[in-house]
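Please read this note beside the model. It goes through points a colleague might want to check by eye.

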Amino acid sequence: MSRAGIQPSQQKLAEKLTILNDRGIGMLTRVYNIKKACGDPKAKPSYLVDKNLESAVKFIVRKFPAVETRNNNQQLAQLQKEKSEILKNLALYYFTFVDVMEFKDHVCELLNTIDACQVYFDITVNFDLTRNYLDLVVTYTTLMIILSRIEERKAIIGLYNYAHEMTHGASDREYPRLGQMIVDYENPLKKMMEEFVPHGKVRRALCSLLMVYPRRNLSADQWRNAQLLSLISAPSTMLNPAQSDTMPCEYLSLDAMEKWIVFGFILCHPALNSDAAALSLWKLALQSSTCLCLFRDEVFHIHKAAEDLFVNIRGYNKRINDIRECKEQALGSMHRERRKFLRSALKELATVLADQPGLLGPKALFVFMALSFARDEIIWLLRHADNIQKKSTDDFIDKHIAELIFYMEELRAHVRKYGPVMQRYYVQYLSGFDAVVAAFCCRFLSASVQLE
């Protein structure tokens with residue numbers, strides 16, 4: 001791809017990122033449903049459990065992706081009788097895998113275009129573009145991981161193609177590339193680590209999280225010392241509008257950021273040996289969680305997967321030691337204390353706003369931050385309670401979680417009830433801002449005339 005022939009303004013990169021992210025969620029849903037169906041004896045395609053086809057299926061999987069129909073008539077004879085039904089009933093599964101391949105092609109093409117266009121990514125500068133870029137990297141990675149967890153994928157694809165060969169005298173046109181993709185991505189992360197070598201933009205986008213992730217991932221004591229979310233800690237500033245130079249980052253999901261960091265630095269792992277900032281982000285994420293949600297109840301155990309990947313790479317002994325140390329520190333006590341702090345902070349916030357709803361105008365950011373922080377901690381608890389070996393029961397069983405959810409619902413109710421109050425505040429606030437700008441412009445023009 002020639003950089004000289006690429007005009008970034010003509011590539012519609014933001015639109016393509018949005019479309020591919022939406023499409024990626026749809027692909028994840030379809031692949032997840034196939035995995036669940038194959039894992040359920042009642043829902044699994046009958047051809048995978050049919051005793052008459054057992055030897056044929058084993059032969060197909062053993063030879064995959066090669067196609068041999070002439071010299072093994074005895075093993076494949078039963079397929080001749082079932083070929084029409086196989087084509088009919090496995091088409092949905094087969095063409096879902098084909099769609100995954102096409103999605104992969106489009107993602108790779110877009111990532112290459114982004115590299116060629118020299119797009120600048122910084123979560124604090126171009127938030128939406130950077131978020132969508134990192135989301136696409138994670139969605140693509142997640143899709144290939146879940147695909148590799150479908151144990152019957154070779155049997156399904158191979159059965160369909162053999163039936164196609166017997167019916168039409170030739171393999172399906174998509175089969176050669178699809179079969180090769182399935183083989184290449186047996187270990188998806190290892191393959192993608194090679195694939196992402198030229199995609200240096202991922203590292204740049206991730207390092208911009210240094211301005212956001214560390215301050216979002218603070219301990220309860222640090223929150224308490226900063227009087228976080230408190231409206232009454234400084235009465236003299238109670239009416240001052242809560243502002244931030246990185247407004248969307250203040251309530252960005254912690255779970256999303258940790259997925260970006262963990263998967264991003266696995267794919268671009270050389271940065272961990274050459275960039276201290278990248279290493280600090282990576283270690284902080286590894287200390288915060290032991291598993292991440294891939295899709296619904298599919299999870300990714302961070303430390304074991306990362307160690308298995310790095311153990312065969314020369315010069316990564318220090319990184320392996322980092323992983324082991326972070327695993328020991330990734331306990332639930334920090335999150336338990338956060339939930340304890342948030343119960344108190346949200347109760348205070350809900351009580352004050354019930355009495356003085358006008359504060360929802362200047363302090364709306366506090367409400368969204370409070371809801372975001374509480375959401376992150378509840379999601380963390382639910383994910384870890386079901387997916388790790390419990391070292392400390394107290395860290396993963398919270399008898400007061402309902403209280404935290406109750407205060408979240410109170411805050412949401414205040415926002416819904418007093419929405420018009422917030423709207424009026426910001427209309428007047430912006431009107432006042434416009435008046436200030438207009439007055440400044442008049443003075444500037446007047447000064448200019450006088451100078452002339």
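The points below run from the whole chain to single residues.

1. Overall. This is a predicted model. The chain has 452 residues, of which 49% count as buried. Its secondary structure comprises 20 helices and two strands. Taken along the principal axes, the C-alpha atoms fill a box of roughly 95 × 65 × 50 Å. Of the contacts between residues at least 6 apart in sequence, 82% join residues at least 24 apart.

2. Aromatic pairs. The count of aromatic pairs comes to 16. One of them is Tyr 94 with Phe 95: the ring centres are 5.1 Å apart and the planes stand at 90°, so this pair is edge-to-face. The cut-off for that label is an angle over 60 degrees. Tyr 94 has a relative accessible area of 0% and is therefore buried. Phe 95, at 34%, is partly exposed. Ring pairs also bring in Tyr 160, which forms a cluster with Tyr 94 and Phe 95.

3. Phe 263 and Phe 300. The ring centres of Phe 263 and Phe 300 are 4.8 Å apart, and their planes meet at 50°, so the pair is classed as tilted. Phe 263 belongs to helix H11 (residues 254-267) and Phe 300 to strand E2 (residues 298-301), so the pair ties together parts that are 37 residues apart in sequence. Both Phe 263 and Phe 300 are buried.

4. Helices H4 and H11. How do these two helices pack? Helix H4 (residues 127-148) packs against H11 at an angle of about 70°, with the axes 10 Å apart. H4 is therefore roughly perpendicular to H11, as the range for that term is 65 to 115 degrees. On the H4 side the contact is made by Arg 131, Leu 134, Asp 135, Val 137, Val 138, Thr 141 and Ile 145. These meet Lys 259, Trp 260, Phe 263 and Leu 267 of H11. By type, the residues of this contact are seven nonpolar, one polar and three charged.

5. A charge over a ring. The charged end of Lys 363 is placed over the ring of Phe 366, at 5.3 Å from the ring centre.

6. Arg 339. Leaving out residues up to four places away in sequence, Arg 339 touches Glu 377, Trp 380, Leu 381, Asp 395, Asp 398 and Ile 401.

7. Ala 345. Helix H16 also holds Ala 345. Its relative accessible area is 8%, so Ala 345 is buried. Ala 345 and Leu 231 lie 114 residues apart in sequence, while their C-alpha atoms are 9.7 Å apart in space.

8. Asp 122. The loop between helix H3 (73-117) and H4 contains Asp 122. With 10% relative accessibility, Asp 122 counts as buried, because the limit for that class is under 20%. Beyond residues up to four places away in sequence, Asp 122 touches Phe 127, Thr 130, Arg 204 and Ser 208.

9. Backbone points to check. Most residues other than glycine have a negative phi, and most peptide bonds are trans. The peptide bond from Phe 64 to Pro 65 is cis, with omega near 5°. Pro 65 is in the loop between helix H2 (54-63) and H3. Lys 12 is not a glycine, yet its phi is positive, near 50°. Lys 12 sits in the segment before helix H1 (13-39) and, at 55% relative accessibility, counts as exposed. Gln 118 also has a positive phi, of about 55°, although it is not a glycine. Gln 118 is placed in the loop between H3 and H4 and is partly exposed, with a relative accessible area of 45%.

How values were computed: Residues numbered from 1 in each chain as written. Predicted model: local features only at pLDDT ≥ 70, side-chain atom pairs only at ≥ 80, totals over all residues. Heavy atoms only, no water. Phe/Tyr/Trp six-rings, centres within 6.5 Å; stacked < 30°, edge-to-face > 60°. Buried < 20%, exposed > 50% of the residue type's maximum accessible area, 1.4 Å probe, protein only. Helix = DSSP H or I, 4+ residues; strand = E, 2+ residues; numbered from the N terminus. Lys NZ or Arg CZ within 6 Å of the ring centre and 35° of its normal. Axes fitted to C-alpha atoms, helices over the stretch in contact; angles between N-to-C directions. Parallel < 35°, antiparallel > 145°, perpendicular 65-115°, else oblique. Contact = heavy atoms within 4.5 Å. Nonpolar A, V, L, I, M, F, W, Y, C, P; charged D, E, K, R; others polar.
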